[in-house]
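Trainee: I would like to go through the labels used for this model and see what each one rests on.
Mentor: Then ask about them one at a time.

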Amino acid sequence: MLVPLLITEGISELPLPPSSYFKTINKFLKPLPAIEPLLTNLKTLESHEQNNPKVLLIFIGGFMDSKHLAVFREFASFTQNKCSKFATITAKAYATFNSKALFRAWLPILIDQEYELYIISHSWGAANILKVLSAFEKSKNPLPKNSIKLLITLDPVGYWRLKQKPTNIQKWINIYIEDKWRVLKVSNLCSYIGHAWNHCNNADKEIILTNYHSNGISDKILHHASVGSMLKAFNNEKDFLSKIL
């Protein structure tokens, strides 16, 4: 369950790092029958001549997402029509939370080949990609400034905390459930144990969701694994750009 997984769709010749950084799909997914229908019905992206063929949206799951599929479902079902802010995405990829070595090797390759990179990351996966991007700042070969066009973190967790926003991120939006403590859910318990970040001082913008409104509790309970609801809130955010790309 803890071997890194990488799945891509949209660009047949997407440059990849050596296969030692991740496991092949069939070998990894063999004991996970729940994921097979999602792969079989993986939504493909439309190809438009006017779109840049090198615009890549990367989904990064949280701990054990390859079993619980909270982020993987969003990756599998994502099309340009699902989120107006990502209307010109031409390729998508999914990686598990424990892919720090993968991204240390892969991001420089993608940037060197002039890919526009957008990242949606959840929970421990969000903390891990920020750790990678922060480490690049101090490396001998740092990533160029603003090379990650947009990073969205969904309820990140972890005892490590970012001290300063890396210059390789152009825009960072942090989305979190403010009143997780009010709702008894396994995913919320995991966020307590994992040390939820909640508010992030270094984010360019935050979207804060809550179960409690002026008219009482909402019909749909929001919790740490409510990835779809967090992304919907991002797409509906009127104070932000109507279109990212």
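**Labels and their grounds**

Mentor: Pro142 sits in the loop between α6 and β5. Keep in mind that the model is predicted.

Trainee: Why is Pro142 called partly exposed?

Mentor: Its relative accessibility is 44%. Buried means under 20% and exposed means over 50%, so a value in between is called partly exposed. Pro142 therefore counts as partly exposed. Its C-alpha lies 8.3 Å from that of Asn168, which is 26 residues away in sequence.

Trainee: Ser147 is in the loop between α6 (123–137) and β5 as well. What makes Ser147 buried?

Mentor: The relative accessible area of Ser147 is 8%. The limit for buried is under 20%, so Ser147 with its 8% is buried.

Trainee: Which residues does Ser147 touch, leaving aside its neighbours within four places in sequence?

Mentor: Ser147 is in contact with Ile111, Leu117 and Asn168.

Trainee: What makes the pair of Pro144 and Ser147 a polar contact?

Mentor: The backbone oxygen of Pro144 is 2.8 Å from a polar atom of the Ser147 side chain. The cut-off is 3.5 Å between N or O atoms, with one able to donate a hydrogen and the other to accept it. The distance of 2.8 Å is within that cut-off.

Trainee: How do you know that Asp155 is buried?

Mentor: Asp155 has a relative accessible area of 0%, and buried means under 20%. Asp155 is therefore buried. The residue lies in the loop between β5 and β6. Its phi is positive, about 50°, although Asp155 is not a glycine.

Trainee: Asn198 also has a positive phi, about 55°, and is not a glycine. Why is Asn198 called partly exposed?

Mentor: The relative accessible area of Asn198 is 25%.

Trainee: What makes Leu45 buried?

Mentor: Leu45 has a relative accessible area of 12%. Since buried means under 20%, Leu45 is buried. The residue is found in the loop between α2 (36–40) and β2. Not counting residues up to four places away in sequence, its contacts include Glu9, Phe78, Ile89 and Lys92.

Trainee: Why is α4 called mostly covered?

Mentor: Of its 8 residues, 6 are buried. These are Ala70, Val71, Phe72, Glu74, Phe75 and Ala76.

Trainee: What makes a group of residues a nonpolar core?

Mentor: The members are buried residues of the nonpolar kinds, joined through side-chain atoms within 4.5 Å. The largest such core has 34 residues, and Phe86, Ile175 and Phe234 have the most contacts inside it. Elements that give two or more residues to this core include β2 (55–60), α4 (70–77), β6 (169–177) and α8 (227–236). A second, separate core has 33 residues, among them Leu107, Ile119, Val132 and Leu151. In soluble globular proteins, nonpolar side chains tend to be buried together.

Trainee: How many residues lining the second largest pocket are nonpolar, polar and charged?

Mentor: The lining divides into 4 nonpolar, 2 polar and 6 charged residues. Lys131, Glu137 and Arg161 are among the lining residues, and Lys and Glu and Arg count as charged. Trp160 and Pro166 also line this pocket, and Trp and Pro count as nonpolar. The volume of the pocket is about 220 Å³.

Trainee: What can be said of the protein as a whole?

Mentor: The protein has 8 helices and 9 strands. Of its 245 residues, 52% count as buried. Among contacts with a separation of 6 or more, 75% join residues 24 or more positions apart.

Terms used
Residues are numbered from 1 along each chain as its sequence is written. This is a predicted model: local features need pLDDT of at least 70, side-chain atom pairs count only at pLDDT 80 or more; totals for chains, interfaces and linings use all residues. Side-chain values use heavy atoms; hydrogens and water are left out. Buried means under 20% relative accessible area, exposed over 50%, partly exposed in between (1.4 Å probe, protein chains only). Helices (H or I, at least four residues) and strands (E, at least two) are DSSP runs, numbered from the N terminus. On a 1 Å grid over the protein atoms alone, a cavity is a set of points where a 1.4 Å probe fits but cannot get out, and a pocket is an open set with protein on both sides within 12 Å along at least five of seven lines; lining residues have an atom within 4 Å of a point. Grid points are joined across faces, edges and corners, and a volume is the space filled by probe spheres set on the points. Contact means heavy atoms within 4.5 Å.
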